[in-house]
Amino acid sequence: MDPAIFLIQVLNGVQYGLLLFLVASGLTLIFGIMGIINLAHGSFYMLGAYLAFSLTRFIPNFWLSIVVGIALAFAVGIILEWLVMRLLYHRDHLYQVLLTYGLILIFEELRSLVWGDDVHGVPVPAALAFSIPLTDTLSYQVYRLAMSAICLAIAFGMYWLIQRTRLGMMIRAGSVNRDMVQSLGINIGLVYRLVFALGLALAALAGMLAAPVSSVYPGMGNQVLIISFVVVVIGGIGSVKGALVAALAIGLADTFGKVLAPQIAGMVVYLLMAAVLLWRPQGIFGRA
Amino acid sequence: METALRTDALKKMFGGLAAVNGVSLECRVGSVHAVIGPNGAGKTTLINLLSGDLAPSAGRIEILGRQVSGLPPHRIAQLGVGRSYQRTNIFMGFSAFENCRLAAQSRLPSSMRFIRSASSYREINQAAEGALEVCGLETRRDVAAAALSHGERRQLEVAMTLATSPKVLLFDEPLAGMGAEEAERMVELLRKLGAAHAMLLVEHDMDAVFAIAATLTVMVDGRVLASGTPAQIRANAQVQEAYLGAADD
Amino acid sequence: MPRPAQILLLAVLLALAAFPLVGEKFYIQFVTKVMIMALFAMSLDLLVGYAGLVSLGHALPFGLAAYALMLMTPEYQAPGFWLSIAASMSVAAIASLVVGLLVLRTSGIYFIMVTLAFGQMAYYYVHDSKHLGGSDGKYIYVRPALEMFGWKPFDLENPAHFYYVVLALMVFVYTTIRILLASPFGRVVVAIRENEHRLRMLGYATFRYKLVCFILAGMLAGLAGWLAAAHDGLVNPEMLSWHQSGQLLMMVILGGMGTPAGPILGAAALKALELVFQGWTKHWQLLLGLFIVASVLFMPRGLAQVLEWKRRSAPTR
């Protein structure tokens, strides 16, 4: 394989992986800390993309749209947690699955009501709408590099938040023993609300960042959700580090799979998951 | 009286800590061998080694003439060893009878039988009924385990062990958490069972132990401090100092 | 099962048997579809309500069996009833064996996620396969021919005949599951949900029991898939999608999991609701979603709770 093409595939794989990480990290955090499985997580990815579509039509600055979009998604997350999710903490996972499945149906139809069923495009922000030449004939879109950079920055931000701040400490403590943390006077309910909203905001941000590249269409949340689940299974529930490693592995495997073995490209990710299940069922960084 | 259970310099290490450190003892059919000692002495670890829940780091275990060190728990169970748990480990949602019936059913060569109703296996039903009767639970047969009193649940633990028709019984603190009256009934039960099986009993209740045990082994820090008849142990100065004296306070 | 419930069930059975004599074709076909879904739901309840294995990928054996029938139906020739059912159920069984060996290594939330993932893997495989019809799927132009020792009692192309065959199979599956649950195997499976650790300590190799249960549930799902394909005359990737699995799970919970008639009630109720909602608005899935959320919050034990039947999975005899 030509080195320039190889480099492009690696960059694509890393970019896809980092985007997946954004979505999967929220999922794994919400599950690891609150014990809630949220099938509607993918719906927020879709919501983010549609928000990007609408907001960029009214707000000339792409980045400002993103900030507004994140704020909106965060707010919706807070409302959702307060309204519905906090009733699920003590329930069997079965009921969480069902309820959030119902939420998916609701969000899909709401999307259909508000935005319709057409496919839309979001323009790449002007400042980044150019490509860096790699060889005489090949170049790479700078916007994609920016996406990866932003995702990496967020990954570091999450690490700092969880490992180095008081909030992070409360989060880590709350995941181990909720009642104990509560009796220490910490409002664990508020922590959970913030974590949930943060997780969903991350998914929405991923959708917004991806919109210029992958376009905006119904059902875009579903595939991302399933792959995110695979990321979480491979990486280990509750482990953000695991989500990063697994997401990158999947991003690269999927990208190279499409190029090297297109017939089974769609299955590569699941074969990877099957291999991990055989070797270490709790995931690479999962607690046994 | 044949020796049904024998250990030889049995040892279990957890990292650098020896939870069980060179324990040798014997258990005969028809007599109760009690193992006593302060908390952390390694008694539960010993039982776990004997039942196969843990594999020994060194030493040998011989049960009914066979070397069993390192065998998995279900293989040891099939040899005729029954074990009860310190913390009640039963099927809470099922009736007392169903608990015993499931235990008895485990003696079938295989439970992969799909057509004939489980309740039509008369021998299994009889084993379960018999176990309940010996333990005095026959009137509580159809009560859900969750609805039984704590003492009754401990009795059910014993009944489940009996339902598998074992030859060797390993009991881990069967009297744990019992009130005086329940304890008395349990002691009688244990005495009855001890006469017909080889029984190894880990207990803290000294009255019970001295009432029914033929042999006592005192463990401290994973080792055997002393071993002998109740009278010998009572008279042993080391034991008095290390354990019995402290227990009297 | 309590007396009143037995009588009710018998009454329903008689009503179902008499229905084709008075119903219109549309409703005969609708009830046939409901019965197929009820059979499908019973197979999932075996996993969810009794073994405690929450699978979100039960559409996999269902869909694969459906596609197997399609592959066995040459353009205008009817495949043999018995042969094609056996083949479809075998495909479902093998798929369940392979998937089961992998997913049963996990439990709890992981199990839910990996069953979902494997289901989607099958979905994408079929969706992307040109020779299987891709995203449009393929038609099945002729229903299988039912022949017993040279005698052809039923013509499956006739909606009423097909209805009765489905009814008979539904009753057969119902009975089979009851027998299975009362057997030594069934008692172990139910106990796994209650206290798997203790079972292992008693000497049971619980993994094997879970695997066999998973395969049996898969085979029954395969039977449902065969029937669905024969009924619709069409197979498409949606039969393998997680929406199929999710809706099925909803039926099981709505009806009341771990109860004998729960899956049947749930299938009927959900299909009826779907029909009603579809008549009201194009955006009927919104109403369905709201209904699902509401029933999880306010009616978690399902309709069986409302009808006050005790959970059969905890034997007290």
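Predicted model: local features only at pLDDT ≥ 70, side-chain atom pairs only at ≥ 80, totals over all residues.
**Exercise 1. The build of chain C**

Task: Find how many helices and strands chain C has, and what order they come in.

Solution: Begin with the inventory: chain C holds 12 helices and two strands. Next, walk from the N terminus, where the elements read α-α-α-α-α-β-α-α-α-β-α-α-α-α. Now look at the overall extent: the C-alpha trace of chain C spans about 55 × 50 × 40 Å along its principal axes. Finally, turn to the interior: 53% of the 317 residues of chain C count as buried. Among contacts in chain C with a separation of 6 or more, 77% join residues 24 or more positions apart.

**Exercise 2. Two packed helices in chain C**

Task: Describe how helix α9 and helix α10 of chain C pack.

Solution: Locate the pair first: α9 of chain C covers residues 242-255 and α10 of chain C covers residues 262-280. Their axes lie 7 Å apart, at an angle of about 115°. The crossing of α9(C) past α10(C) is right-handed. Then pick out the residues in contact, which include C:Met250, C:Met251 and C:Leu254 of α9(C), and C:Ile264, C:Leu265 and C:Leu270 of α10(C). Sorted by class, this contact has 10 nonpolar, four polar and no charged residues.

**Exercise 3. Where chain A touches chain C**

Task: Work out which elements of chain A give two or more residues to the side that touches chain C.

Solution: Count both sides to start: 33 residues of chain A and 34 residues of chain C take part in the contact. On the chain A side, the elements giving two or more residues are α4 (93-115), α9 (220-235) and α11 (265-279). Of these, α4(A) provides the largest share, 16 residues. To finish, class the residues of the chain A side: 27 are nonpolar, four polar and two charged.

**Exercise 4. The domains of chain B**

Task: State where the domains of chain B lie and how they meet.

Solution: The domain assignment gives domain 1 (14-20 + 38-213) and domain 2 (214-249) of chain B. Their centres, taken over C-alpha atoms, are 25 Å apart. At the contact, 11 residues of domain 1 of chain B meet 10 residues of domain 2 of chain B. On the domain 1 side, β2 (17-28) and α7 (206-212) of chain B each supply at least two residues. That side has nine nonpolar, one polar and one charged residues.

Technical notes: Residues numbered from 1 in each chain as written. Chains lettered and ligands numbered in written order. Axes fitted to C-alpha atoms, helices over the stretch in contact; angles between N-to-C directions. Helix = DSSP H or I, 4+ residues; strand = E, 2+ residues; numbered from the N terminus. Left-handed = near helix turned anticlockwise from the far one by under 90°. Contact = placed C-beta atoms within 7 Å. Nonpolar A, V, L, I, M, F, W, Y, C, P; charged D, E, K, R; others polar. Domains from an automatic or database assignment. Buried ≥ 20, exposed ≤ 12 C-beta atoms within 10 Å, placed from the backbone.
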